[in-house]
Amino acid sequence: MNLNSLDLNLLTALDALLREANVSRAAMRIGLSQPAASHALQRLRDIFGDPLLVRTGARMELTPRAQALRAPLAQALDQVRGLFVPDDFDAARSERAFRLMMPDLAVELLMPPLMEKVTRLAPNVRIDVVPWRGPAIFHAEFARTIDLVISIGNAFKGFHRQLLYTDSDALAVRRGHPVGAKLKRREAFLAARHVGVIIRGNSEDLIDTWLRSKGIERHIALVVSGYLEALHVAARTDLVAFVPRRLIAALSRQFALVTVTPPLDPGIDEQFMFYPTRAQMDPGSIWLRRLMLETGRELEQAKRKLS
């Protein structure tokens, strides 16, 4: 193909069409009229020699050729946009919106101190936090929509990983629990009724995965999808929550909870910060990552002072 004859605006239209699989929505996405989007689709069909979008019943679907174009087109457009990214990031004047994904316990521990820094240094910056959606979400298209992810786990393709802070697990029980202190003993631990936490993307509570490797099964009476839910339940019942120790400490006064060291030690939990490879040299991403790493270091320093 002769690139001199190609209107590069067609690539933006193609990106919208491939994302929406709908001419009307694609037109709205990039600010075109529907006839203009339809005209762009016809030109693209002529260029690629492929229909790209075909009608199946009441909806449109991407052809195999269109599916194959999605990832390389997204990467190419990112590189083009990168040509126009400024060389610095003026936090005090920026109105940028950053998008973060993390589980509820990371929101509880990290976001209040992080937002104190953001408010002081960048009062017009906006932070959007979305819930953890599981490891399956880590793909090229997701990397284009996210700035930071806080999670345990191994490295994900297309993302860099940095250690943020460490933690360990303990038992959370309400003040006045009839057998609270006895839960340090194995027999009482196994006899207790537990609330399990199965976050999105997992098939069971990670504590139970570890316990099973030791040949141990605990009595799960309730399963919830978040750590804060587990603490709410433990605070108002005799159920026991086996959760990260830092979270219990942060909410023990508010929820009237007591931390009990379990009879079995699952070891150290490592919480990581992940960021897309594409944003490695982005000044705004670098600025936010530095603040997040600083917040993680402060958690570690607070832990040393307590110990």
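Predicted model: local features only at pLDDT ≥ 70, side-chain atom pairs only at ≥ 80, totals over all residues.
# Briefing: domains, pockets and selected residues

**Where domain 2 meets domain 3**

- At this boundary, 14 residues of domain 2 are in contact with 15 residues of domain 3.
- The two domains bury about 1300 Å² between them, and 63% of that area is on carbon and sulfur atoms; of the area that domain 2 buries against domain 3, 37% is supplied by Asp104, Leu105 and Glu108, which is more than any other three residues supply.
- The size of an interface is often given as the accessible area lost when the parts come together.
- If residues up to four places away in sequence are not counted, glutamate 108 touches Leu228, Leu247 and Leu251.
- Glutamate 108 and alanine 250 are 142 residues apart in sequence, yet their C-alpha atoms are 8.3 Å apart in space.

**The largest pocket**

- The volume of the largest pocket is about 930 Å³, and among the 36 residues that line it, those closest to its centre are Ala74, Asp78, Ala143, Arg144 and Arg278.
- Two or more lining residues come from each of helix 1 (9–20), helix 4 (64–82), helix 6 (140–143) and helix 11 (283–306), and helix 4 gives the most to this lining, with 10 residues.
- Sorted by class, the lining of the largest pocket holds 16 nonpolar, seven polar and 13 charged residues.
- The largest pocket lies between domain 1 (3–83) and domain 2 (94–165 + 270–305), because both of these domains give residues to its lining.
- Helix 4 is also the place of glutamine 79, a residue that is exposed because its relative accessible area of 54% is over the 50% limit.
- Although glutamine 79 and arginine 278 are 199 residues apart along the chain, their C-alpha atoms are separated by 8.7 Å.

**The second largest pocket**

- The second largest pocket has a volume of about 500 Å³, and of the 26 residues that line it, Ile152, Asp169, Leu206, Tyr227 and Asp269 are the closest to its centre.
- At least two residues of this lining are supplied by each of strand 6 (159–174), helix 8, strand 9 (240–244) and strand 11 (268–276), with the largest share, four residues, coming from strand 11.
- The residues that line the second largest pocket divide into 17 nonpolar, four polar and five charged.
- Since domain 2 (94–165 + 270–305) and domain 3 (167–268) both give residues to its lining, the second largest pocket lies between them.

**Leucine 211 in helix 8**

- Leucine 211 is found in helix 8, which covers residues 206–213, and it counts as buried because its relative accessibility of 0% is under the 20% limit.
- When its neighbours within four places in sequence are left aside, leucine 211 is in contact with Phe189, Ile216, Arg218 and Leu264.
- Leucine 211 and valine 223 are 12 residues apart in sequence, and the distance between their C-alpha atoms is 16 Å.

**Two loop residues with positive phi**

- Alanine 21, which is not a glycine, has a positive phi near 50 degrees, and its place is in the loop between helix 1 and helix 2 (23–30).
- Leucine 52 is likewise not a glycine and has a positive phi of about 65 degrees; this leucine is found in the loop between helix 3 (34–48) and strand 1 (53–56).
- Leucine 52 counts as buried, because its relative accessibility is 1% and the limit for a buried residue is under 20%.

Conventions. Residues numbered from 1 in each chain as written. Heavy atoms only, no water. Buried < 20%, exposed > 50% of the residue type's maximum accessible area, 1.4 Å probe, protein only. Contact = heavy atoms within 4.5 Å. 1 Å grid on protein atoms, 1.4 Å probe; cavity = no way out; pocket = protein on both sides within 12 Å on 5 of 7 lines; lining within 4 Å. Points joined across faces, edges and corners; volume = space filled by probe spheres on them. Nonpolar A, V, L, I, M, F, W, Y, C, P; charged D, E, K, R; others polar. Domains from an automatic or database assignment. Buried area = accessible area lost by both parts, 1.4 Å probe.
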